[in-house]
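Hi,

Here is the structure I promised to pass on.

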Amino acid sequence: MIKATRLKLFFMMVLEIAIWGAWQVKLFSYMPLLKFEQWQQNLAGSMFAIASITGIFFSNQFADRNFTAEKFLAFSHLIGGLALLGTAFASSFCFLLYGLFYVPTISVTNALAFANLPDPARQFGVVRMGGTVGWIVVSWPFIGLLSSQSTIAEMRWIFIVAAIISFALAAFSMTLPHTPPRRDTEGLDKLAWLKAVKFLGVPYVLVLFIVTLIDSTIHNGYFVLIDGFLKNAAKLPDNLTMMITTIGQVAEIATMLILGSVLKKIGWKWTMIIGIVGHCLRFATFAFFDKPEYQAVIIAVQVLHGICYAFFFATLYIFVDAVFPKDIRTSAQGLFNLLVLGVGLVIANFWFGSLKAKWTSASGVVDYHKLFLVPTGLAVAAILLLLLFFKPPTVRPAEVPGGDAPH
């Protein structure tokens, strides 16, 4: 029974993240085909951030306290699937509606997994790896569904495939373990989020907060720019670009397997620095090898995504869990996650989208050399901030309500 449950949770994660992966890479190539103005593209790309903010209140404050997790997932993915079908054949509103129903399911699937695993600390990583598998596998159908120069009709498949998976997960959710709503909320500190914010007064926490904002901006900027870069600068076929970007997810699996030993050997600071160095090298490669004759180099450098994600973002979440006091740890995770899926995503969409429009010639040629030097420079700045000013503690602070901030 335990193995069957873990297999179900793994498959739940496969489907959950496959929905996201079906459209993410192609979205910013699809919108120009629909003649979206730049501000419309920026706004649509910021959908996750808008939904994340509303999701904080809906999924955390209402949904998980009033609905069983499996029924919440089934309903959300049913409506989300219908919204995705609407998005495939419409040009407004439906995509935001999809986001409002989909984004809360990310935290609910995590909560459902934690609630039904006998040893979450040891077993959750393997279950969550199903999401990475889903992101990789969902790219395969598009080799046949798209052509080397995809049309609007072909590009609609990114939402149709996502809708099909969403409907499948809606049905599959009803087979998941029964997970009743949380009722034990009376003892929760409603001001924990405020205590977490006050920790920004601690120098190393403030430095990490600023670096996370920078790194989340350039990380999200990768998804804004990558598909157009692979097609227009590297001249790679449209139906292969999604598959090429998944090289990074394959590398992510391998990197996550060694993360623990790396952390133990070199510590928080240098592990995070290596993660941002991965960003720096990747964007610098795009900037200086932005020609079709360097296709092999451009494809090979995708492997750095695994280092970028695991060595910085995964390490960040582990750091928060290890260092922050127990009573505010969840709120602290949410505070940093708001940067990753919220503020950093909005900045990336509006800033990199606008820079791309600014540095596109009248003939439609993008100056990718100049464009990718921007995230390269930002990565260098983040590395220097960590190197010079990030001095993390070696021990966990006292876990007492109202206790002193860590020093």
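This is a predicted model: local features need pLDDT of at least 70, side-chain atom pairs count only at pLDDT 80 or more; totals for chains, interfaces and linings use all residues.

**What I found**

Let's start with a helix pair: the axes of helix H14 (residues 247–288) and helix H16 (residues 304–323) come within 4 Å of each other and cross at roughly 45°. Axes here are lines fitted to C-alpha atoms, for helices over the stretch in contact, with angles running from 0 to 180 degrees between N-to-C directions. H14 is therefore oblique to H16 (under 35 degrees counts as roughly parallel, over 145 as roughly antiparallel, 65 to 115 as roughly perpendicular, and the rest as oblique). The residues of this H14 contact with H16 split into 24 nonpolar, 10 polar and 2 charged.

Residues are numbered from 1 along each chain as its sequence is written, and side-chain values use heavy atoms, with hydrogens and water left out.

As for the overall picture, the protein chain has 18 helices and 0 strands (DSSP runs numbered from the N terminus: helices are H or I of at least four residues, strands are E of at least two). Of its 407 residues, 52% count as buried, where buried means under 20% relative accessible area, exposed over 50%, and partly exposed in between (1.4 Å probe, protein chains only). Among the contacts in the chain with a separation of 6 or more, 83% are between residues 24 or more positions apart; contact means heavy atoms within 4.5 Å.

Back to H14, which also holds Thr285. Thr285 is buried, at a relative accessible area of 14%, and it touches Val297 and Val301, not counting residues up to four places away in sequence.

Over in helix H18 (residues 368–389) sits Leu373, which is partly exposed at 34% relative accessible area. With residues up to four places away left out, Leu373 touches Ala287 and Phe288.

Next, helix H12 (residues 203–233). At 1.5 Å a residue its 31 residues should span 45 Å, and the end C-alpha atoms are 42 Å apart, which agrees (the expected span is 1.5 Å times one less than the number of residues). H12 bends by about 45° at Leu225, the bend being the angle between axes fitted to the seven residues ending there and the seven starting there. Since 25 of the 31 residues are buried, H12 is largely enclosed by the rest of the structure. Just after H12, Lys235 takes a positive phi of about 60°.

H10 is mostly covered, with 12 of its 17 residues buried. Its buried residues include Ile158, Phe159 and Leu169, and what covers them includes helix H1 (2–24) and helix H5 (69–89).

Lastly, Gln41 lies in helix H3 (residues 38–45) and is buried, at 10% relative accessible area.

Cheers

Conventions: Ala, Val, Leu, Ile, Met, Phe, Trp, Tyr, Cys and Pro count as nonpolar, Asp, Glu, Lys and Arg as charged, and the others, Gly among them, as polar.
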